[in-house]
Amino acid sequence: MLREIEGNQAAEETRPATELKVGYQGEPGAYGETAAAAHGGIPQGFASFEKVLEALQKGTVDEAVLPLENAVVGAITEALEPLAVAVTSGLDLVATALTSVPVRLALAVRNGTPLNDVKRAWSHPAALRQCTAKLAALGIERVVCYDTAGAAQIVAADSSTDAAICSRRAAERYGLEVLVEDVSDKEQNGTRFVHLRMAEHARAQVPLAFLRTSSMTATSKLEVLTGATLLPLAGTAEFPVRLWVLGADAARLQQLAPARDVQVISLGQPAAHAARHAGKAGAEPVVKSLPHATARKPQTVVEVGPFRVGAGARAVIAGPCTVESPEQVMRIAREVAACGATALRGGIFKPRTNPYAFQGHGLEALKWFVEAGKAVGLPIVTEVMAVDQVTAVAEFANVLQIGARNMQNYDLLRAVGRAGRPVLLKRGAGATVDEWLGAAEYVMASGESRVILCERGIRTFEPSTRNTLDIGGLLAARPLTHLPLIADPSHAAGRADLVEGLARAAWAAGADGIIVEVHDDPARALCDADQALVPQRFAELARALALRPDARLPLAQLRAWVDAIDHDLAALVQRRLEVARVIGESKRQTGKAVLDPRREAAVRRTYHEALPTSNALADKLVDLLIEAARGQQSIED
Ligand code: PEP
Ligand code: MN
């Protein structure tokens, strides 16, 4: 076994090595066990990396080993994720050593199973990733389980022709035969493990720092400046991209890390730990900045009365580009509210490319807008363009919008952040996702946590649309932030004919909402005439997004709404019949009974759940559908 220990912890170890209990994830025979025994410790297996860390915290074990990176697949996210969670939630760990374990991934089977019969192989996901190509070439499907040695155990206990991907040691331990010595995609396979102790028990340390950030560009600069190894983690919906920095000098990292959005936590720098514990005067703070916009937390729901957006609640904000007159905004408000819009939009200060173009009616128009909002019972969203407008607008508007042109007007961002109103923050036409989140950070750092991010199109070379709606950018922001993300198809397209398609695309991609411009006389609109939907077309969009209209909508339109639903319903029934027929075919081919009363009960439950207001109707529908499906499956009762 190859040992690569940085630092001289072995010499400094005070207790006899035989007493050292070292936790690892997996069953006896796992590679973790080898790493755990590297310094003469007594390995103790746990079912998950979380459990290993828990045991370390409780003192059940003195040390924990976790795999950090592998020669074939790089970062072992399965271990790094729980470690990152533990460290960022305050578990005071120190890295005391690094151990490299050579890895040979044997394909092991029950005695006598020929290679040709092996259709599936079990292993830990990280091990399976290391032999993706080889297994594919052998036509073997990969089955995930919790550990390599655990896989050997499963296969040994099973009567199938499945294989395990594990060490030769594990294969032998569970009485399996090794068919292929190493199915790793790379010849020189190996995994680097880190040894961790609770800070109070740690003596020697290896430099290992943990960096949390949403800013990829900032961190790649750090890589160049520090020469550290950066292991990118996928991150989760709630937690931004994180990077593990091996062998880095945390103090230097601390100095070099850009202030925004980057948090450096050291797991091996005495100075950093001293600063954290003793609070020494003059010591460098360990945490340089704690991001808000990219903090790890559940999805934020921004609420204004009944208006909700985020974490599954979807907003449809509609209204004119500009509040033109009391009558105009009232008429349009009534139209969109009747279609099920959840908030009103309307500009009173307009950022115009041409200084001689109409600039908005200002605070006078705010009064008209407030009246319209009150009349239809919807909150109002309006843009502020200058710091000195903020207080006056915030007094009456429910949500303050920051326009694309002002996304990096930091004084304005700070001012709206202090105004006590939720903020709708448009992405600048030339801003990266990172810069957009940075702008949100300004608002949040100034005190306002209710920020709605809005993708409104970025500037590209394509002249046929005003901007290009960057749904990819919106989706890329999703794992980086807990804030709601909505799309503005109107400013992205600049043309009414594309608005519905773009809105539906954003909706289908999982945006938390849309903001759309509607005008009842586009030809005479004072601003953005080409992109305004007439109310009738907004109604069609609202129908397509499954909004609920109310009784203010004219009867003919309500009928059109219900007709569209009927059409969808009938088409769904048709699809259901087709799939049911295929299920019948599949059952016959595999010799299964076509009738299955348990399935029917499950279908009935589905209908009762989705149709909670009428059990009787749900039952009737299920009866009809099952009868029709039996017809399709040609079952005679
Ligand atoms: C608007 O919403 O009216 C507007 C001007 O949008 P943007 O800032 O996205 O151009
Ligand atoms: Mn506009």
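The following questions and answers go through a predicted model.

Biologist: How many residues apart are His-491 and Asp-528?
Modeller: His-491 lies in helix 18 (residues 489-493). Asp-528 lies in the loop between strand 25 (513-517) and helix 20 (535-544). The pair links distant parts of the chain, and the two are 37 residues apart.

Biologist: Is His-491 buried or exposed?
Modeller: A residue counts as buried under 20% relative accessible area and as exposed over 50%. Asp-528 and His-491 fall in one class, and that class is buried.

Biologist: Which residues have the most contacts inside the largest nonpolar core?
Modeller: This core has 76 residues. Phe-538 is in contact with Val-316, Ala-318, Val-336, Cys-339, Ala-341, Val-518 and Leu-533, leaving aside its neighbours within four places in sequence. A second, separate core of 40 residues includes Val-101, Ala-163, Tyr-174 and Phe-193. In the largest core, those with the most contacts are Leu-425, Leu-453 and Phe-538.

Biologist: Why does Leu-624 count as exposed?
Modeller: Leu-624 is in helix 23 (residues 615-632). Exposed means over 50% relative accessible area. Leu-624 counts as exposed because its relative accessibility is 56%.

Biologist: What accessible area do Leu-617, Leu-621 and Leu-624 have together?
Modeller: In soluble globular proteins, nonpolar side chains tend to be buried together. Here Leu-617, Leu-621 and Leu-624 form a nonpolar patch on the surface. Their accessible area together is about 260 Å².

Terms used
Residues are numbered from 1 along each chain as its sequence is written. Chains are lettered from A and ligands numbered from 1 in the order in which they are written. This is a predicted model: local features need pLDDT of at least 70, side-chain atom pairs count only at pLDDT 80 or more; totals for chains, interfaces and linings use all residues. Side-chain values use heavy atoms; hydrogens and water are left out. Patches are made of residues with over 30% relative accessible area and no salt bridge: like charges are joined within 9 Å, nonpolar side chains (Val, Leu, Ile, Met, Phe, Trp, Tyr) within 5 Å. Accessible areas come from the Shrake-Rupley method with a 1.4 Å probe; for residues, only the protein chains shown count as cover. A salt bridge is a side-chain nitrogen of Lys or Arg within 4 Å of a carboxyl oxygen of Asp or Glu. Helices (H or I, at least four residues) and strands (E, at least two) are DSSP runs, numbered from the N terminus. Buried means under 20% relative accessible area, exposed over 50%, partly exposed in between (1.4 Å probe, protein chains only). A nonpolar core is a set of buried Ala, Val, Leu, Ile, Met, Phe, Trp, Tyr and Cys residues joined through side-chain atoms within 4.5 Å. Contact means heavy atoms within 4.5 Å.
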